[in-house]
Amino acid sequence: MRKIERRELILEGSVQGVGLRWFAKTTAERLDLAGWVQNQENGTVTIEVQGPCGQIDLFCEILQAGRAFISVEQMQQRKLPLEKETQFIIR
């Protein structure tokens, strides 16, 4: 059985106004992950993502690899309690 977990990710760098939220949503959907993504007033992006550990690790690798103008310079992670979610949304 695959271990399911939920993580909070805080992304810093060139992460707002560059399509990161849309990219995170489509990537999470492709990997069958649930959660949400939201811009913060301080210029960071917060993501809560839930699913199999290996899929979350892959999600993080894809985000850190960047795309076009997206540049994740730092990603902080911490585990959170599981929630009942079935989709990934942009807040």
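1. Let me start at a turn. The hairpin of β2 and β3 has 5 residues between its strands, and within this hairpin Gly-43 takes a positive phi near 95 degrees. Keep in mind throughout that this is a predicted model.

2. Another backbone spot deserves a look. Asp-32 has a positive phi too, of about 60 degrees, although this residue is not a glycine. Where does Asp-32 lie? Its place is the loop between α1 and β2. Asp-32 counts as exposed because its relative accessibility is 67%, and the cut-off for exposed is over 50%.

3. Now the sheet. Five strands make up an open sheet with mixed pairing, and the order across it is β4-β1-β3-β2-β5. At the edges sit β4 and β5 (88-90), each of which pairs on one side only. On average, neighbouring strands here are turned by 20 degrees against each other, direction ignored.

4. On to the strand pairs around β3. Strand β2, covering residues 34-39, runs antiparallel to β3 and is joined to it by 6 bridges. Along this pair, Val-37 stands opposite Ile-47, and Gly-35 stands opposite Val-49. On the β1 side, 8 bridges link β1 to β3, again in an antiparallel arrangement. There, Arg-6 has Gln-50 of β3 as its bridge partner.

5. Is β3 enclosed or open to the outside? Of its 8 residues, 8 are buried, so the strand is largely enclosed by the rest of the structure. Setting aside neighbours within four places in sequence, Val-49 contacts Glu-5, Arg-6, Arg-7, Leu-9, Leu-33, Ala-34, Ile-56, Phe-59 and Phe-88.

6. The axes of α1 and α2 are 10 Å apart, and the two helices pack at an angle of about 150 degrees. Angles over 145 degrees count as roughly antiparallel, so α1 is roughly antiparallel to α2. As for handedness, α1 passes α2 in a right-handed crossing. Which residues make this contact? From α1 come Leu-20, Phe-23, Ala-24, Thr-27, Ala-28 and Arg-30, and they meet Phe-59, Ile-62 and Leu-63 of α2.

7. Finally, the core. The largest nonpolar core has 22 residues, and the members that touch the most others are Leu-9, Leu-11, Ile-47, Val-49, Phe-59, Leu-63 and Phe-88. Elements giving two or more residues to this core are β1 (4-14), α1 (20-30), β3 (45-52), α2 (53-65) and β4 (71-80). Which element gives the largest share? That would be α2, with 5 residues. As general background, nonpolar side chains tend to be buried together in soluble globular proteins.

8. If you open the model, Val-49 is a handy place to begin. Val-49 is among the core members with the most contacts to other members, and this residue faces Gly-35 across the strand pair.

Notes:
Residues numbered from 1 in each chain as written. Predicted model: local features only at pLDDT ≥ 70, side-chain atom pairs only at ≥ 80, totals over all residues. Heavy atoms only, no water. Core = buried A, V, L, I, M, F, W, Y, C linked by side-chain atoms within 4.5 Å. Buried < 20%, exposed > 50% of the residue type's maximum accessible area, 1.4 Å probe, protein only. Helix = DSSP H or I, 4+ residues; strand = E, 2+ residues; numbered from the N terminus. Contact = heavy atoms within 4.5 Å. Pairing = 2+ DSSP bridges. Axes fitted to C-alpha atoms, helices over the stretch in contact; angles between N-to-C directions. Parallel < 35°, antiparallel > 145°, perpendicular 65-115°, else oblique. Left-handed = near helix turned anticlockwise from the far one by under 90°.
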